[in-house]
Amino acid sequence: MTSQPLPRPETSGTPTSSAAGTRLDPWLGSYAERTHGMRSSEIRALFAVANRPEVVSLAGGMPFLDGLPLDALSQVAASVVAERGLQALQYGSGQGDQTLREQILEVMALEQITAHPDDVVVTTGSQQALDLVTRVFVDPGDVVVAEAPSYVGALGVFRAYQADVVHVAIDEHGLVPAALEETLAALAAAGRRTKFLYTVPNFHNPAGVSLALERRPQILEIARRYGVLVLEDNPYGLLGFDRDPWPALRSYDEDGVIYLGSFSKTFAPGYRVGWAVAPHAVREKLVLASESAILCPSNASQIAISSYLSTCDWRGQVKSYREMYRERRDAMISALSEHLPEASWTVPDGGFYTWVRLPEGLDARDMLPRAVTARVAYVPGTAFYYDGTGADHMRLSFCYPTPERIREGVRRLAGVVSGERELVELFGTGGGASDDDVVSPAPNIP
Ligand SMILES: Cc1ncc(COP(=O)(O)O)c(C=O)c1O
């Protein structure tokens, strides 16, 4: 029997790639409506260039892993297969490995969370937990309230589920309670249903600020009063430079908060292990949603992390990360003071990022191609707003480059800013924000 070529699909008149000899997408008319929000942008291409060694990238949010004890970790990896290979290479529980869930409780105890292993759902990074929570709660057009600015990867998820994101102001002490109250009141008055409040209370990505202790119960009280669930995303909470972790929002309120944690920044992102802690009924839905997405998180990764936690000094590793990132923060802040005094910035006391306000009239997105030409990269503030505003800010990361590279990067950036200011003085302000923005994180800008 000879095989016949299958007929080409009908594609509502769109030229097919072979017919037109182009790379036009023959499936353009077939995509689900929700994919319309999944846009990439022109700056994604720039980040490919930004990864070249001659460019100092202050853009990426990748942890610096060189200090990891690779010898010990290779023994861990070998023992996972040698001692527990048949389990590690098999499917596992949709909710995650029981032993790891117990160990996660020890990690969270540092932030005063008390929970039961049954409350924990292991996920493929906290990014998957963001996806699951949004899938479980958000119908198209539902409101998600999020800080202004917010983590670009969360905004990408909200957009993919066709949420309507309403931003609430933050200041140097995190989310502003009065602004939250005002926003929730206005939404309620307009008859809009707010599904949850998304917040990164510690060492915020991108703003670098933390929610002040006295504001934590206030935020929860306001959310409770308006019947709004809180989604607490906390990958950086243990990475404070000069202080112990503050109590998580979840430690004040077990019923009103879904907490997300991750091993990506306190250990390594490569195993892709994160988790959610949720009220009982929510947790059941998250497990069902996760099973439908991935059946179960990787057993091999979970057992490797579990064995790392039980055989290596993970607390010592977190301490050495804190010291290393503090030194890099210091290099960043002193370089900004020296080279860019006309800008202003947050001084983070933990985490990976500082949030820089550019001098009047400058547009961080317009300026980016010139910065990359000058061999320095950053993420324009527009990436962190749902509506494409924020062009007067940029996020600078100090996690990955060495202190010397950070100083060199800021020096180059200062040259670009000064050239840009001259242009603005000569020709007036640049292009300004549009909605054609970064809407999904480039792979290297978590
Ligand atoms: C605020 C925030 N949430 C979630 C994530 C996702 O982390 P992961 O999926 O690696 O746990 C990141 C990564 O940078 C982040 O900054």
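**View 1. Contact of α5 with α9.** The model shown here, and in the views below, is predicted.

**View 2. Crossing of α5 and α9.** Two packed helices are described by the angle between their axes and the distance between those axes. Here α5 covers residues 125-137, and α9 covers residues 280-294. Their axes come within 9 Å and cross at roughly 110 degrees. Angles of 65 to 115 degrees count as roughly perpendicular. The helices α5 and α9 are therefore roughly perpendicular to each other.

**View 3. Length of α7.** Helix α7 runs over residues 177-189, 13 residues in total. At 1.5 Å a residue, α7 should span 18 Å. Its end C-alpha atoms are 18 Å apart, which agrees. After α7 comes Gly191, with a positive phi near 75 degrees.

View 4. Which residues of α7 are buried? They are Pro177, Leu180, Thr183 and Leu184. Seen down the axis of α7, the buried residues fall within an arc of 130 degrees, so they line one face of the helix. An α-helix has 3.6 residues a turn, so residues three or four places apart point the same way. The face of α7 turned away from the buried side carries exposed residues: Ala178, Ala186 and Ala189.

**View 5. Cover over α7.** What covers the buried residues of α7? The cover includes the strands β3 (143-148), β4 (164-171), β5 (174-175) and β6 (194-199). Helix α8 (215-225) is also part of the cover.

Notes. Residues numbered from 1 in each chain as written. Predicted model: local features only at pLDDT ≥ 70, side-chain atom pairs only at ≥ 80, totals over all residues. Axes fitted to C-alpha atoms, helices over the stretch in contact; angles between N-to-C directions. Helix = DSSP H or I, 4+ residues; strand = E, 2+ residues; numbered from the N terminus. Parallel < 35°, antiparallel > 145°, perpendicular 65-115°, else oblique. Expected span 1.5 Å × (residues − 1). Buried ≥ 20, exposed ≤ 12 C-beta atoms within 10 Å, placed from the backbone. Arc of directions from axis to C-beta. Contact = placed C-beta atoms within 7 Å.
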